[in-house]
Amino acid sequence: MTGLAALMAGRRVPGIYRWHAAFGVADVQHSVEHAGGRFAYLDGWKSQSKDEFLTAIGEAFGFPDYYGRNFDALLDCLRDVGSYPDNPDSEGGTVLLWDGWGTFARADERAFSMALSVLGQRVDEREAGKFSVLLRGEGPDLSDVPSLD
């Protein structure tokens with residue numbers, strides 16, 4: 001987990017990364033939490049539409065009932081990720097592992113692009129805490145998304 005370890009140790013800048021490591025979800029979660037981070041998992045194989053994605057990411061983070069399941073509400077809730085009692089933010093930041101992202105990217109290119117834009121906005125808002133997204137698995141070419149491998 002060299003790339004992930006570098007990210008958690010602050011040797012890689014928080015961001016959106018492609019990641020091809022085949023570690024089990026529980027192992028990735030353990031590594032993130034052991035380094036003082038917070039972990040969320042999104043099973044993209046089950047969310048191929050905008051509505052399915054917005055529901056699944058809300059469940060992954062345990063968003064409150066008032067989460068509006070649209071991109072504006074997503075950004076608002078991502079900014080508040082650390083304020084929910086059952087999901088405390090930590091010094092290590094937050095890591096979202098998104099497996100199977102390619103199915104959504106292929107099924108609805110426009111909505112996927114918007115989702116990446118919103119996630120990127122949250123990454124850039126450092127005052128809200130460190131935030132990284134690991135896009136794991138195959139998908140369309142994303143030339144502006146670096147590899148964590």
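**View 1. Buried residues of helix α6 in the predicted model**. Helices (H or I, at least four residues) and strands (E, at least two) are DSSP runs numbered from the N terminus.

**View 2. The largest nonpolar core**. This core is a set of buried Ala, Val, Leu, Ile, Met, Phe, Trp, Tyr and Cys residues joined through side-chain atoms within 4.5 Å. Among its 34 residues, F53 and L74 touch the most other members. Two or more residues come from each of β2 (38-43), α3, α4, β3, α5, α6 and β4, and α6 gives the most, with seven.

**View 3. Surroundings of F53**. Beyond its neighbours within four places in sequence, F53 is in contact (heavy atoms within 4.5 Å) with L42, S47, F71, L74, W98, F104 and A115.

**View 4. Packing of α3 against α4**. K50, F53, L54, I57 and F61 of α3 meet F71, L74 and L78 of α4.

Residues are numbered from 1 along each chain as its sequence is written, and side-chain values use heavy atoms, without hydrogens and water. In this predicted model, local features need pLDDT of at least 70 and side-chain atom pairs count only at pLDDT 80 or more, whereas totals for chains, interfaces and linings use all residues.

Key:
Buried means under 20% relative accessible area, exposed over 50%, partly exposed in between (1.4 Å probe, protein chains only).
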